[in-house]
Amino acid sequence: MATNTLTPETDTAPISSSTPTAKQDPASILQQLITESMNEASQGFDTKSALEIARIINHEDSKVAAAVKKAIPEIALVIDRVARALRDGGRLIYVGAGSSGRIAALDASECPPTYSTAPGQIQYIMAGGPKALASAVEVNEDSEELGQRDIARRRPTRKDVIIGVSASGRTPYVVAATAYARARGAFTAAVSCNHGTPLAEAAEIAMIAEVGPEVVSGSTRLKAGSAQKMILNMVTTGAMTRLGYVYENLMVNVHMQNSKLVERGIRILMRACNIDRPTAVDTIKSAGRSVPVALVMLKARVDKPEAVRRLAKSDGNVRLAIEDTVLEL
């Protein structure tokens with residue numbers, strides 16, 4: 001009988017006996033951060049034409065994927081931990097500030113419509129609260145106390161995964177929240193664009209993409225922002241795929257809440273089952289507007305109650321529901 005099994009994660013670094021903090025001289029810290037250093041490729045940037053500006057930015061952006069590639073082993077470990085946490089009733093909670101927090105909020109917000117995850121499964125905590133998504137409230141990111149308070153309100157446990165996101169890797173709010181969650185047994189990970197940072201020390205595993213100096217020095221919404229977005233994309237897409245919410249490479253757990261998503265669901269079913277549009281529409285209707293149920297009905301040649309039973313047995317893993325087996329993570 002087929003199963004979908006995750007390999008056990010390797011041992012991570014031992015938890016430090018002391019909680020790392022970011023209370024150091026700001027000037028000396030900035031000097032050490034590669035994301036804050038000058039970029040030789042963009043010297044005289046303000047004298048360039050629009051075409052030259054675009055070319056310089058594009059050339060620097062081309063380095064991002066290579067930097068992220070170096071973190072793939074760590075990303076893979078986090079993917080499996082997130083998949084296991086969600087399967088077992090835990091949560092993925094991002095913690096961020098500024099641009100990093102907004103990127104984390106975007107990834108968390110896009111999971112429910114893409115994979116029909118429950119609203120509480122994938123969350124974000126933003127320094128300054130939801131209003132900071134649209135307006136800068138950057139002063140909050142310097143507060144360790146606020147970071148601890150905000151994560152404490154979510155009551156992290158051993159069932160959860162907490163990911164601190166900070167381009168610099170030293171944002172006090174994020175470092176403190178990550179350390180707090182780890183002390184309470186949650187699995188913690190860091191996303192950063194600098195090595196040897198307090199955030200990496202606070203977390204059990206660090207996903208680091210050292211993209212180098214920005215075109216506009218210190219503007220980490222550029223290469224660092226792109227790298228963080230790519231890493232978070234990998235984490236949630238990988239976890240959802242491991243959970244079986246993707247069939248082949250199709251978004252079969254799509255939540256059909258508007259006309260575009262209804263059309264996407266129909267096309268997914270047509271492609272996955274090699275059927276015509278009327279058959280796809282009729283099956284989706286009989287499946288209660290659920291693409292996974294419709295897919296199992298067609299692929300396994302079963303009725304709706306049996307398809308629902310199989311999906312429950314496999315914890316929502318579509319492929320395993322078709323094979324009528326269980327999900328092992």
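**Reading a predicted model, one feature at a time**

Visitor: Let's start with glutamate 60. Is glutamate 60 buried or exposed?

Guide: Glutamate 60 is buried, with a relative accessible area of 1%. Keep in mind that this is a predicted model. To read burial, compare the value with the cut-off: buried means under 20% relative accessible area. At 1%, glutamate 60 therefore counts as buried.

Visitor: Which residue does glutamate 60 form a salt bridge with?

Guide: Glutamate 60 pairs with lysine 223, and their closest N and O atoms are 2.8 Å apart. Glutamate 60 belongs to helix H2 (residues 50–61) and lysine 223 to helix H9 (residues 223–242), so the pair links distant parts of the chain, 163 residues apart. Lysine 223 is buried too, with a relative accessible area of 1%.

Visitor: And what does arginine 242 form a salt bridge with?

Guide: Its partner is aspartate 80, with the closest N and O atoms 3.3 Å apart. Arginine 242 sits in helix H9 and aspartate 80 in helix H4 (residues 72–87), so this pair ties together parts that are 162 residues apart in sequence. Aspartate 80 is buried, at 12% relative accessible area, whereas arginine 242 is partly exposed, at 23%.

Visitor: How many residues apart are arginine 309 and glutamate 306 in helix H13?

Guide: They are 3 residues apart, which means about one helical turn separates them. Arginine 309 and glutamate 306 form a salt bridge, and the closest N and O atoms are 2.8 Å apart. Arginine 309 is partly exposed, with 37% relative accessible area, and glutamate 306 also counts as partly exposed, at 22%.

Visitor: Which residues are linked with those two in a network of salt bridges?

Guide: Once you have found a pair, it's worth checking for further partners. Here the network links Glu306, Arg309, Arg310, Lys313 and Asp324. For the overall tally, the count comes to 12 salt bridges.

Visitor: How about threonine 178: where is its place?

Guide: Find the helix, then the accessibility, then the neighbours. Threonine 178 is in helix H7 (residues 172–183). Its relative accessible area is 0%, so threonine 178 is buried. Leaving aside residues up to four places away in sequence, threonine 178 touches Gly164, Thr188, Ala189, Leu199, Ala202 and Ala203.

Visitor: Zooming out, how many helices and strands are in the chain?

Guide: The chain has 14 helices and 5 strands. Of its 329 residues, 50% are buried. The accessible surface comes to about 15600 Å², and 51% of that belongs to carbon and sulfur atoms.

Visitor: What share of contacts joins residues at least 24 apart?

Guide: Among contacts between residues at least 6 apart in sequence, the share is 68%.

Methods: Residues numbered from 1 in each chain as written. Predicted model: local features only at pLDDT ≥ 70, side-chain atom pairs only at ≥ 80, totals over all residues. Heavy atoms only, no water. Salt bridge = Lys/Arg side-chain N within 4 Å of Asp/Glu carboxyl O. Helix = DSSP H or I, 4+ residues; strand = E, 2+ residues; numbered from the N terminus. Buried < 20%, exposed > 50% of the residue type's maximum accessible area, 1.4 Å probe, protein only. Contact = heavy atoms within 4.5 Å. Areas by Shrake-Rupley, 256 points an atom, 1.4 Å probe, with all protein chains shown as cover.
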